Amino acid sequence: MRRYSAFSLAREAMRSHTGWDKQWDNPEPRSRYDVIIVGAGGHGLGTAYYLAAEHGITNIAVLEKGWLGGGNTGRNTTIIRSNYLYDESAGIYNHAIKLWEGLSAELNYNVMFSQRGVMMLAHNVHDVQVAQRHIHANRLNGVDNQWLTPEEAKAFCPPLNISRSARYPVMGAALQKKGGTARHDAVAWGYARAASARGVHIIQNCEVTGIHRGADGAVTGVETTRGTINAGKVGVVAAGHTSVLMEMAGLRMPLESFPLQALVSEPVKPVFPCVVMSNSVHAYISQSDKGELVIGAGTDQYTSYSQTGGLHILSHTLEAICEMFPMFTRMKMLRTWGGIVDVTPDRSPILAKTPVKGLYANCGWGTGGFKATPGSAHVFAHTIARDEPHEINAGFTLERFRTGRLIDEAAAAAVAH
Amino acid sequence: MLLIRCPYCEEERPELEFAGAGEAHIARPANMSDISDEDFEAFFFIRENQKGIVFERWRHIHGCGRFFNAARHSVSDKFIVTYKAGEPKPELTDEQIAAVAGATGKSGK
């Protein structure tokens, strides 16, 4: 892997950029690997990277039915925060924030991580109480979060309308200064490049159509559209398609897959300095470095694998955005799209071994998996390499739906689901 | 937005009139306190989540207010049939499934 640096950039600028290598290889699949990761999104590629970089396992294939980073990694609204309520959630999302902070340097790839702050608005007394409870819980867990008065919120985010006569008046806000955004594509590309440089095979256009198990029930490999590939360990990191894949191994999952949509506006000059979220009116917005307003909508009410959702979901979100930020009423929306998110009953992920020996699950991130990418990948690599969970993901088991030891962020996460 | 036929009102109405109510044909055990944790998990948490034909409940909340069931294809989002609550899961023919299995009009399968 050729390192990127100011020197290499200057050198290539002198010769019309003819000397750059491909960022990752496109190898033919071998018949056998030590570990197969199903799904080349950020979580899957990151898992392969940490397996190679921290656990010395490099004989890995990452199988992707489409193109890498083409699923939810390339479809989310790139927001990063860790202000969740419960200890387990604070643990994993804050682990992710710490890794985000060093990720560009570690991967030698600019993921454009920008800690511009994530501000969550409170519009009524209940919102205020919930936000302040969150702030206290977060601070006990070492997660930064602070309360802002309406005036302080306005100072942090000038476009905010804090008029008392607003339809949804701002009564204050919770601000996580360490939160922000990152370039989602660059996360997948950076992990892919770093993993490929360590010998990991990234095999695109290779759909897994079956999971093979031996006489003892343990995983022996997968069937794909490019033939049988054997491995003693298979990690499924397939987001919305997890139920489909797990069924191939005879496992039924506590998951439902829903469309989740997002949209971007035409690019404009910098007008919006941070991320603002509002639960009560269900809207969140930020501005990309390219200048587009990036807006996230809610899920549709029915399960689907269509990667498209209802237009009324988008218009509902835009109504809320225009209500809060009247300056955006005349902005043109350029693109909308949908992704399929796998939602667990308690709205917390599953990052664990499964009852099938050699089969591991990283799923259930629901509407908010991007922020966790490095943390999730890091502890999932540990789980696969050691065949036991890292202390950070020890609570995110599949068995919790049997034991009742839920991590019930459904009502407690900082956003409505 | 989906166009949904309410089997009670006997007409197609926009999705905005309806509330999705999850997977259909899940029978609540009558002896809830006696069942095992495994059975409770299967009843309460495990979902089919099929890529293909799904059987689901809807409620015509801004119409007649009644619950009913539907068979829909979860890739094209097209309905095959809606039927009244309490009726058995319909047997679907290959022709019925093939008729709804196509992609949606939108790109991005």
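Two residues are in contact if their C-beta atoms, placed from the backbone, lie within 7 Å. The model is predicted: local features need pLDDT of at least 70 and side-chain atom pairs pLDDT 80 or more, while totals for chains, interfaces and linings use all residues. Residues are numbered from 1 along each chain as its sequence is written, with chains lettered from A and ligands numbered from 1 in the order in which they are written.

**View 1. Interface of chain A with chain B.** Here 23 residues of chain A are in contact with 23 residues of chain B. On the chain A side, two or more residues come from each of helix H7 (242-248), strand E12 (256-265), helix H8 (311-324) and helix H10 (400-403). Helices are DSSP runs of H or I with at least four residues, strands runs of E with at least two, numbered from the N terminus. This side divides into 10 nonpolar, 10 polar and 3 charged residues (nonpolar: Ala, Val, Leu, Ile, Met, Phe, Trp, Tyr, Cys, Pro; charged: Asp, Glu, Lys, Arg; polar: the others, Gly among them).

**View 2. Domain 1 and domain 2 of chain A.** An automatic or database domain assignment sets the bounds: domain 1 is 27-109 + 183-254 + 346-403, and domain 2 is 118-178 + 257-343. Their centres, taken over C-alpha atoms, are 28 Å apart.

**View 3. The side of domain 1 of chain A that touches domain 2 of chain A.** Contacts link 24 residues of domain 1 with 26 residues of domain 2. Helix H3 (87-107) and H7 of chain A each supply at least two residues of the domain 1 side. H3(A) gives the largest share, 4 residues. By class, the domain 1 side holds 6 nonpolar, 14 polar and 4 charged residues.
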